[in-house]
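Please read them with the structure open.

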Amino acid sequence: MPRGNAPQTKVHYHGKDEDFVIYVDGSKAVQDWKKDRSIPLAQVVSGFKIFVTHKHGAQSVGDEASKSTLENEFGTHNEDECMIKILEGGNVQDTESSERQGPKNDSMGTRSAH
């Protein structure tokens with residue numbers, strides 16, 4: 001099976017100072033949660049981490065958001081509350097990572113030319 005081509009779904013939230021991204025279990029999970037808030041976040045969110053992209057958009061690789069960044073944007077550093085706000089106001093994006101290409105073993109063991 002090719003490596004790295006699993007589908008990913010994330011929610012991108014464009015904030016006033018930063019862009020935030022959380023990974024979710026699928027767009028259907030987010031839609032179901034919006035209709036029925038009794039569904040636990042654990043069944044929607046794929047890992048309880050909030051990433052910040054430093055205004056580089058949804059496709060950028062992000063760093064984990066600091067408590068002060070969350071406090072400045074959402075008025076709280078409670079990650080559950082921040083995730084709820086991101087789910088409510090963010091855009092759901094389904095992507096499929098492309099298969100990784102390139103050499104699998106650069107050194108080629110003892111076969112490399114010296």
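1. Basis. This is a predicted model, in which local features need pLDDT of at least 70 and side-chain atom pairs count only at pLDDT 80 or more, while totals for chains, interfaces and linings use all residues. Residues are numbered from 1 along each chain as its sequence is written, and side-chain values use heavy atoms, with hydrogens and water left out.

2. Overall fold. The chain has 3 helices and 5 strands, arranged from the N terminus as β-β-α-β-β-α-α-β. Helices (H or I, at least four residues) and strands (E, at least two) are DSSP runs, numbered from the N terminus. Among contacts (heavy atoms within 4.5 Å) between residues at least 6 apart in sequence, 63% join residues at least 24 apart.

3. Surface. Of the 114 residues, 29% count as buried; the term means under 20% relative accessible area, with exposed over 50% and partly exposed in between (1.4 Å probe, protein chains only). The chain exposes about 7,400 Å², and carbon and sulfur atoms supply 48% of that area. Accessible areas come from the Shrake-Rupley method with a 1.4 Å probe; for residues, only the protein chains shown count as cover.

4. Helix packing. Helix H1 (residues 27-35) packs on helix H3 (residues 79-89) at an angle of about 100°, and their axes are 11 Å apart. H1 is therefore roughly perpendicular to H3. Axes are lines fitted to C-alpha atoms, for helices over the stretch in contact, and angles run from 0 to 180 degrees between N-to-C directions. Angles under 35 degrees count as roughly parallel, over 145 as roughly antiparallel, 65 to 115 as roughly perpendicular and the rest as oblique.

5. Residues between the two helices. H1 contributes Val30, Trp33 and Lys34, which meet Ile84, Leu87 and Glu88 of H3. By class, the residues of this contact are 4 nonpolar, no polar and 2 charged. Here Ala, Val, Leu, Ile, Met, Phe, Trp, Tyr, Cys and Pro count as nonpolar, Asp, Glu, Lys and Arg as charged, and the others, Gly among them, as polar.

6. Core. The largest nonpolar core has 19 residues, and Phe20, Ile22, Ile50, Ile86 and Leu87 touch the most other members. Two or more residues each come from strand S1 (7-14), strand S2 (19-24), H1, helix H2 (67-74) and H3. H3 gives the largest share, 4 residues. A nonpolar core is a set of buried Ala, Val, Leu, Ile, Met, Phe, Trp, Tyr and Cys residues joined through side-chain atoms within 4.5 Å.

7. Ile22 and Val45. Apart from neighbours within four places in sequence, Ile22 is in contact with Thr9, Lys10, Val11, Lys49, Ile50, Met83, Ile86 and Leu87. Val45, in the loop between H1 and S3, is buried, with a relative accessible area of 3%. The C-alpha atoms of Val45 and Leu87 are separated by 9.3 Å, although the residues are 42 apart along the chain.

8. The loop between S3 and S4. Gly62 lies in the loop between strand S3 (51-52) and strand S4 (63-64) and is partly exposed, with a relative accessible area of 23%. Not counting residues up to four places away in sequence, Gly62 touches Phe51, Val52 and Thr53.

9. Lys55. This residue is also placed in the loop between S3 and S4 and counts as partly exposed, at 38% relative accessibility. Beyond its neighbours within four places in sequence, Lys55 is in contact with His14, Gly15, Lys16, Asp17, Glu18 and Asp19. Lys55 and Gly15 are 40 residues apart along the chain, and their C-alpha atoms are separated by 9.0 Å.
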